[in-house]
Amino acid sequence: MTASNITAPTQFLQVESERYAYRRFGSGSKLPLLCLQHFTGTLDNWDPAVTDPFAAEREVILFENAGMGRSSGTVPKTIAGMAAHALAFLTGLGLKTCDVLGFSLGGMVAQHMALERPSIFRRVILVGTAPRGGEDVMHLDKPSLAKHLGNPTFRGYAVLQKIFFAPTESSQAAGAAFIERLMRRAEDREPISGPAVALAQVAAFREWEQVLGERFSDLKRIQHPTLVVNGVFDEMIPVSNSYWLSAHLPNAVLLTYPDSAHGSLFQFHESFTRQAAAFLTSESKFAPY
C-alpha cells in the first residue's frame, strides 16, 4: 500500500513530561521532511495530495505541538515556546537533521527553530507565512475573514474552503476538492481544536508581529536554502509578508500562485509538490534549482 496520511497510524512519543502525537510514513534515501501545521490545525488538516507525493522518496513526519489534538500539555502563547516543543520532539526521535515544510503558523515555528538550532534543518520551505515583524498576520476580525468565520452555516472544514481559497469559481472548486481529500481518513482522527487553542495561538501571532531590534534582521542569520510560497490573494497572511521573507533571507527563492489564497499549496498541489521536491533534492548550496 502506498504510504499515506490517510492510513498512517497516529503514534505517540514521550519526551520528559510531554507526550507528542505524530504520524510518520514513507521511505527512501532522502532526508525526512518535518511538516509543521497551520493555525488550529491538527494532523488531519494535512492534505494527502501534498504529504503523500513526498513520501515516495523520504519519510514524512507530521507533528502535533503541545496542547494540539492528542498531544499533551498547553498550547504555548509564543512562537518560541512552540519551537521549543518541536525541537524537543526531534531530539526525542533521535533526528539530528531533516528538511522542513512550515505552513502558516508552522512557518513561523520553522524560522525560530532554524535560528535556535541551525543544524537541525538542511532546507526550508515556508508557505503562507510571515517573518517576525510582519504585518496583518492572522487578524481574524477584519471583514474579509470575519464574515466567514462568524457565519453559522459554515461548520467544520467548510469554513476552510472560504478562508483558504480565493473567492473565484475555480479556487472555490479546488477548495471543495481539498475538503473531500481531508475527509478520506475515516478512523483514528484527531479531536478538533477548541477556542482555548485559538486564543493561545492568536496571542502568539500578536507577539510575532512585534519588531525586536532592527526589523527583519533575524532573517539574515537563516542561511538555509529556502523556498517561500504563497497565493497572491492570501487574506490571512498577505503575500507582502512572503516578499519580505524572500527579500531578507540571504538564500531564498519566491514562488507565488495566481487565483489562490492561503491554501495555495493545496489548490496547486501537483505543481507545489513537483516544485518542492525539485528544491529538496537539489544538491546546490543555493536556493535556486
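**Close-up 1. Phe-216 and its ring partner Trp-244 in the predicted model.** Phe-216 counts as buried in this predicted model, because its relative accessibility is 7%, below the 20% that sets the limit for burial. Trp-244, by contrast, is partly exposed, with a relative accessible area of 21%. The ring centres of Phe-216 and Trp-244 lie 5.5 Å apart and their planes meet at 35°, so the pair is classed as tilted. Because Phe-216 sits in the loop between helix H7 (195-209) and strand S7 (226-231), while Trp-244 belongs to helix H8 (residues 240-248), the pair ties together parts that are 28 residues apart in sequence.

**Close-up 2. Thr-226 in strand S7.** Thr-226 is found in strand S7, and with a relative accessible area of 2% this residue is buried. Between Thr-226 and Pro-250 the C-alpha to C-alpha distance is 8.9 Å, although 24 residues separate the two in sequence.

**Close-up 3. The aromatic pair of Phe-54 and Phe-272.** The count of aromatic pairs in the model comes to 14, and one of them is formed by Phe-54 and Phe-272, whose rings are 6.4 Å apart from centre to centre. With 85° between the planes, the arrangement of Phe-54 and Phe-272 is edge-to-face. Phe-54 lies in helix H1 (residues 48-54) and Phe-272 in helix H10 (residues 269-281), so that this pair ties together parts that are 218 residues apart in sequence. Both Phe-54 and Phe-272 are buried.

**Close-up 4. An aromatic cluster of phenylalanines.** One aromatic cluster is formed by Phe-103, Phe-164, Phe-165, Phe-178 and Phe-266.

**Close-up 5. The crossing of helices H2 and H3.** Helix H2 (residues 79-93) and helix H3 (residues 105-116) have axes that come within 9 Å of each other and cross at roughly 70°. H2 is therefore roughly perpendicular to H3, since angles of 65 to 115 degrees fall in that class. The crossing of H2 and H3 is right-handed. On the H2 side the contact is made by Ile-79, Ala-80, Met-82, Ala-83, Ala-86, Leu-87 and Leu-90, which meet Leu-105, Met-108, Val-109, His-112, Met-113 and Glu-116 of H3. Sorted by class, the residues in the contact of H2 with H3 are 11 nonpolar, 1 polar and 1 charged.

Conventions. Residues numbered from 1 in each chain as written. Predicted model: local features only at pLDDT ≥ 70, side-chain atom pairs only at ≥ 80, totals over all residues. Heavy atoms only, no water. Axes fitted to C-alpha atoms, helices over the stretch in contact; angles between N-to-C directions. Helix = DSSP H or I, 4+ residues; strand = E, 2+ residues; numbered from the N terminus. Parallel < 35°, antiparallel > 145°, perpendicular 65-115°, else oblique. Left-handed = near helix turned anticlockwise from the far one by under 90°. Contact = heavy atoms within 4.5 Å. Nonpolar A, V, L, I, M, F, W, Y, C, P; charged D, E, K, R; others polar. Phe/Tyr/Trp six-rings, centres within 6.5 Å; stacked < 30°, edge-to-face > 60°. Buried < 20%, exposed > 50% of the residue type's maximum accessible area, 1.4 Å probe, protein only.
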